[in-house]
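Please work through each task before reading its solution.

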Amino acid sequence: MTASTSLRVRLPVLVLVLEVVILVLYALFVTYDDNANAKLQNNQTDPMENSLYRDYPYFADVQVMIFIGFGCLLAFFRFYGFSGMVFNFLTATFAIQWAILVQGFFQFNYDGKIHLGVINLLNAEFACAVVLISFGAVLGKTSPVQLLVMALLEIPVFALTEWAVLKYIRINDAGGTILIHLFACYFGLGVTFVLYRPSLNEGHEKIITSYHSDILSVMGTLFLWVFWPSFNSALTFKGDDQHRAILHTFIGLSSSTITAFALSAMFNRRGKLTMADIQNVTLAGGVTVGASVDMMISPAAAYTLGIMGCTACFFGYKYLSPFLSRHMRIQDQCGIHNLHGLTGLISSTAGICAILLATEEVYGPSMYQIFSHRAPPEGDPKLLELQGLIPGLKPGLGRTAEEQALFQVAAVFSTIAASTLGGLLTGLVLKLPFLASPSDENCFDDELFFDMPPDWQSTEVLKSPIEWEEKGN
C-alpha cells in the first residue's frame, strides 16, 4: 500500500478527534427527553403510552434499510464488495451520532439542552440516508477518510436547509422527497462534479459485477423494498394519514417493479433481464409517491406514479447518465440522479398537483390537519369551528392552495440550490491531498484499503467488461 493512501495515521486520528468532539458535546448539551427521563415517571404514568412504542418500530425498520439495505445494495462491484458494505457501515454510524447533535440543535433544543428520545434517532437516520444516497455518486472513488469528512460537512448543510425550509417556507413533504431525495441527489452530484476523473470516462477494468455481488446487491434492494413503506410513513400523522402513506408506497413500489422487469427485457438486445435494472429501477415508485404519500391522491394515482418514476429512472440510467458523464463532468457512479433526482422531481410535481386539487369535499375538515399551513390563523372564527371537529388542530397560516403550491416550488429550487452549493464546496475539501484519495488505477478496488482473504481473485481470471457486454448483446 502506498503512503499516500495509508490509513494507519489518517483514520485513527480523524476518528479520535471526532469522538472527542462528539463526547464533549454530548456531555454538555444532550439529556433525556420526557419519555426517557425516570424522574418524570410516577404511579400515574402509563408505560404503554411512552413514545417508544409509537416510534421504535419505525426506527427499527429504517435501521434495517440503512445498514443492510444500503450496505448490500452498494456491494454490487466484484472487487469493491468489502468497501461498499463496510464504508456504508462506518459512514452511517458516524452520520447518525453527528446528526443527533446537529439536528438536535435546530429541532430538539430547549432550555439549553438537546432532549434525546427515539424520535431523535429516527430523524438522525433520515439525515444518515441523505449522506448514503450522496455516497452513491462517489462510490469506488473515495477513501473512508473522505467519506467521514463528507458526512461531517453534509449533515450540517442538510440540517440547516431542513430547518430553514420547514420553519420559513413551510411545506408538505411527508415522504422526504424534497428534503431527503432531492437534497441528497444534488449534493452528491456537486461532490462528484468537483472530483471528476477524466480517465474513468474511458472505462475501468474493475467496474464489473459478478454472480455473487449481484445477488448480494439485489438482497439490499429487497430489504429497501420491504421496509420503504415505513420510511415514507414514519413521520406522518398517526391514523388515516399514515394508513394512506403505507398503501400508496406499496402500490407505487409494486407498479414500478413490474414495469422495471418489462422495460429491462424490452430494451435488452437479447430480450433478457439486466440485474442493474432489478437492483435500482424497481425502487423508483417509493420515491415518486413520497411528496403526496399521505394525501388523498387515490390508489390509481399511486400506481401511475410508480410507472412514471420507473420509466424515468430506467431511461435515465440508459441515456442520461452516460450523457452527464461525457459532457457535463458528472460521473454518477450509482445513478442517484435517476433513482432520486428525476423521480424526486416527478414526485414534487405530483405533490404540487395534489395540493392544488385538495378540497374540503374530498378531505373533510381533516384537510387543515394534513395541509396544516392552510389552516385558519389564530383568531379566525373558522379555527374555533374546526377545532371543535378536530381537537388539537393548531392555527395555520391561512394559505390558499395556490399559495401553498408556490411555496412547494420555492422549496424545491431552494433545496436544490443549497445542496448543490454544499456539494461543490464539500468536493473542494475532499480534494485535499492528505485525505487518502485513491488514484484512478486503484479506484473500485478493495485491496487498496483492506487485507484481502486467501480466495481473493485478480481481475485477470474474469472476463473484461467489454467481453461481458458483447456476450450480453
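In these exercises Ala, Val, Leu, Ile, Met, Phe, Trp, Tyr, Cys and Pro count as nonpolar, Asp, Glu, Lys and Arg as charged, and the others, Gly among them, as polar. The model is predicted: local features need pLDDT of at least 70, side-chain atom pairs count only at pLDDT 80 or more, and totals for chains, interfaces and linings use all residues. Residues are numbered from 1 along each chain as its sequence is written, and side-chain values use heavy atoms, with hydrogens and water left out.

**Exercise 1.** Determine how the lining of the second largest pocket divides by class.

Step 1: the lining comprises 22 nonpolar, 13 polar and nine charged residues.

**Exercise 2.** Describe the salt bridges that Arg244 forms with Asp240 and Asp241.

*Solution.* Step 1: a salt bridge places a side-chain nitrogen of Lys or Arg within 4 Å of a carboxyl oxygen of Asp or Glu.
Step 1: for Asp240 and Arg244, the closest N and O atoms are 2.7 Å apart; for Asp241 and Arg244, the N to O value is 3.8 Å.
Step 2: Asp240 is partly exposed, at 40% relative accessible area, whereas Asp241 and Arg244 are both buried (buried is under 20%, exposed over 50%, partly exposed in between, with a 1.4 Å probe and protein chains only).
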